[in-house]
Amino acid sequence: MRKVIFLMFTITIALPLHAQMNLKNLDIGFNRQQQAKKEYVREKELLKIYLIKAKPTLAQEVKIKNDFIPLDQALKQDLIIISETSQGGSVNELIFHNVSKHHIMLQMGDVITGGKQDRVIKTDYILQPGEKAVIDVYCVEKGRWSSSQQGVAQFNEYHSRISNDVRRTISTDGNQQAVWNQVDAIHESNDSQNSSSTYAAVTSNSRNLSHINSYVDFFYSQFRNMTDIVGLVAVSGNKVIGADIFASNKLLQNNLRNLLQSYATEAVLHGSEVSLSESSVHAWIHNLLENEDKQKEIINRSGSAVQVEGKNLKISAF
């Protein structure tokens, strides 16, 4: 269980969700025949992404500040210190200390390297300025439990947002062995096994990495200048592999490359040519966004949510 040392924001899907992320405030871009409008869809080989845009009412409804810095940027700017819980460490917990005046957004699926072994964050969480908290994590490097550092080992590098299929496993299975099994499956598909079985080794297969990056670059070039998009719905093969919707365009843009890498990794390693009908995609999105109670059930079953001051900052569903 997460042990919070200092907390003002309440961020948990166990509390009632206020569904600002709904059809009233979001434009999903489908016509009455349940076909997506051309400007709301982009596709490359095994991955198709549907855009969700904000209606003017979203900003009026949410009214939150946009200074939430994602973890990768926080590490680059030395705004956060991440360390093992002690010299002996704890596999499924780390200490996150926000040493800045900013709010830092930790997200389920963020992979950090170093410490006694590489980890992935288990739940979405906001660290407020100065806050120090013990956060739940999973190991993604089962073959190492050591560090060259003296004293309590720290983490200094952000690797990536983990493949979307691992994010799905974290949200649905919620146990360490299931995460290890999924990481092993990715290594097998990627031909990237190494001595410590770290997820970070997925970057060692240059052919697959180049393919994944080609997806990321393609979609990023399409989306980076769009000022009205707040959500992405990713499809590969015959299923929706995931959706992420934010309270503002700025929040989405801050996370865009990492999200695209997560989707693309699953599509390249485990995906197939898109065969899911647009009416089925419409039904999936409509089911997520039409009703507050239903949305809460979906997120509790297979997803995550972040609330700040009673407002949804982000929802994810798989």
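Two strands pair if DSSP finds at least two bridges between them. Helices (H or I, at least four residues) and strands (E, at least two) are DSSP runs, numbered from the N terminus. This is a predicted model, in which local features need pLDDT of at least 70, side-chain atom pairs count only at pLDDT 80 or more, and totals for chains, interfaces and linings use all residues. Residues are numbered from 1 along each chain as its sequence is written, and side-chain values use heavy atoms, with hydrogens and water left out.

**View 1. The whole protein.** The protein holds eight helices and 17 strands. Its C-alpha trace spans about 60 × 45 × 35 Å along the principal axes. Of the 318 residues, 56% count as buried. Buried means under 20% relative accessible area, exposed over 50%, and partly exposed in between (1.4 Å probe, protein chains only).

**View 2. The hairpin of strand 3 and strand 4.** Strand 3 (residues 41-44) pairs with strand 4 (residues 47-54) in the antiparallel sense, over four bridges. Glu43 has Lys48 of strand 4 as its bridge partner. Two residues lie between the strands, and Glu45 in this hairpin takes a positive phi near 50 degrees. Lys44 belongs to strand 3. Lys44 counts as buried because its relative accessibility is 18%. Beyond its neighbours within four places in sequence, Lys44 is in contact (heavy atoms within 4.5 Å) with Ser214, Tyr215, Phe218 and Phe219.

**View 3. Strand 14 and its partners.** Strand 14 (residues 229-236) is mostly covered, with eight of its eight residues buried. Strand 4 and strand 14 run antiparallel and are joined by six bridges. Here Lys48 has Val235 of strand 14 as its bridge partner. Strand 14 also pairs with strand 15 (residues 239-246), again in the antiparallel sense and over six bridges. Ser236 stands opposite Lys239 of strand 15. The hairpin of strand 14 and strand 15 has two residues between the strands, and Gly237 there takes a positive phi near 65 degrees.

**View 4. Helix 4.** Helix 4 (residues 176-190) has 15 residues. From first C-alpha to last, helix 4 reaches 21 Å, close to the 21 Å expected at 1.5 Å a residue. The expected span is 1.5 Å times one less than the number of residues. At the start of the helix, a side-chain oxygen of Asn175 comes to within 3.2 Å of the backbone nitrogen of Gln177. The buried residues of helix 4 include Val179, Gln182, Val183 and Ile186. An α-helix has 3.6 residues a turn, so residues three or four places apart point the same way. The cover over the buried residues includes strand 12 (132-139), helix 3 (164-172), helix 5 (206-223) and helix 6 (249-270). Just after helix 4, Asp191 takes a positive phi of about 55 degrees.

**View 5. Leu23 in its loop.** Leu23 lies in the loop between strand 1 (3-4) and strand 2 (26-27). Leu23 is partly exposed, with a relative accessible area of 24%. Its contacts, leaving aside neighbours within four places in sequence, are Ile28, Lys55, His286, Leu289 and Glu290. The C-alpha atoms of Leu23 and Thr198 are separated by 40 Å, and these residues are 175 residues apart along the chain.

Terms used
A polar contact is a pair of N or O atoms within 3.5 Å; within protein, one must be able to donate a hydrogen and the other to accept it, and residues adjacent in sequence count only if both atoms are side-chain atoms.
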